[in-house]
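The following note sets out some points for a colleague reading this model. The points proceed from a loop residue to the overall fold and then to individual features.

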Amino acid sequence: MNLQNTNIRKGRKFDQALQGAREVFLAEGFDAANMDHVAKASGVSKATLYSYFPDKESLFIVVVQSECALQADLAMQQIDQGAKPAVVLRGAARHLLGFMTSDFGQRMFRMCISEAERFPELGEAFYESGPLVVRQKLSEYLEAATARGELDIADVTMAADQFAELCKADVFAKILFGVQTSFAAEELSRVIDAAVSTFLARYGVDGAA
């Protein structure tokens with residue numbers, strides 16, 4: 001479900017409403033949050049809020065989509081895609097893990113999982129705005145790096161998925177089951193270094209590191 005396919009009308013206070021909704025969903029969760037709370041937090045009237053978003057579900061979807069798009073844009077801006085694969089992949093892993101371990105990322109994931117059965121469109125929106133975007137961006141880079149002779153990959157989509165999974169090692173399961181929600185820089189560096197070295201051992205060519 002994409003933003004352009006939902007009944008959303010942007011207006012002068014759209015971003016203000018979106019920021020208020022973000023704060024409310026993070027503080028209260030999806031189930032407890034309501035449009036009254038969002039209107040109060042964002043400083044807009046309920047009439048204005050409903051003129052932008054027909055219901056709470058569509059509002060939540062746009063919050064997720066907007067945040068994921070922002071994170072993807074930041075990652076692309078901050079990573080020099082002309083650098084060696086080891087540098088690019090390390091930067092991509094750092095952004096991926098940064099979002100995964102962030103308070104926003106963890107809470108959004110839990111909300112989407114808990115509500116997926118009642119509102120499958122929420123899980124679909126999170127998947128399309130998060131993991132699917134990661135796959136697309138990584139695939140584009142891997143295809144370009146392969147064309148330059150820096151990597152040797154026949155199936156870039158599969159390779160992108162594999163790299164994303166490598167970045168989850170020893171982190172995602174702990175988050176999923178609530179074993180650990182905060183990670184030291186050293187812990188994340190260990191995962192990143194292992195993900196990059198393992199990936200390059202499979203797909204790298206001379207000079208990729």
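1. Contact here means heavy atoms within 4.5 Å. With neighbours within four places in sequence left aside, Q180 is in contact with K174, I175 and E187. The model is a predicted one, and the remarks below should be read accordingly.

2. Q180 is located in the loop between α10 and α11. Is Q180 buried or exposed? Its relative accessibility is 18%, so Q180 counts as buried, the limit for that class being under 20%. Between the C-alpha atoms of Q180 and A159 the separation is 28 Å, although the two residues are 21 residues apart along the chain.

3. V179 also belongs to the loop between α10 (172-176) and α11 (185-203). Its relative accessibility of 62% places V179 in the exposed class, which requires over 50%. Together with L176 and F177, V179 makes a nonpolar surface patch of about 340 Å².

4. As to the overall fold, the secondary structure of the protein consists of 11 helices and 0 strands. Read from the N terminus, the order of elements is α-α-α-α-α-α-α-α-α-α-α. Along the principal axes, the C-alpha atoms occupy a box of roughly 60 × 35 × 30 Å.

5. The protein has 209 residues, of which 44% count as buried. Among contacts with a separation of 6 or more, 69% are accounted for by residues 24 or more positions apart.

6. One helix pair deserves a separate point. Two packed helices are described by the angle between their axes and the distance between the axes. For helix α1 (residues 14-32) and helix α6 (residues 103-115), the angle is about 35 degrees and the axes are 10 Å apart. The crossing of α1 past α6 is left-handed. On the α1 side the contact is made by R22, F25, L26, A27, G29, F30 and D31; α6 contributes D103, F104, R107, M108, M111 and E115.

7. D170 lies in the loop between α9 (156-166) and α10. With a relative accessible area of 43%, D170 is classed as partly exposed.

Key
Residues numbered from 1 in each chain as written. Predicted model: local features only at pLDDT ≥ 70, side-chain atom pairs only at ≥ 80, totals over all residues. Heavy atoms only, no water. Patch = residues over 30% accessible without salt bridge, like charges linked within 9 Å, V, L, I, M, F, W, Y side chains within 5 Å. Areas by Shrake-Rupley, 256 points an atom, 1.4 Å probe, with all protein chains shown as cover. Salt bridge = Lys/Arg side-chain N within 4 Å of Asp/Glu carboxyl O. Helix = DSSP H or I, 4+ residues; strand = E, 2+ residues; numbered from the N terminus. Buried < 20%, exposed > 50% of the residue type's maximum accessible area, 1.4 Å probe, protein only. Axes fitted to C-alpha atoms, helices over the stretch in contact; angles between N-to-C directions. Left-handed = near helix turned anticlockwise from the far one by under 90°.
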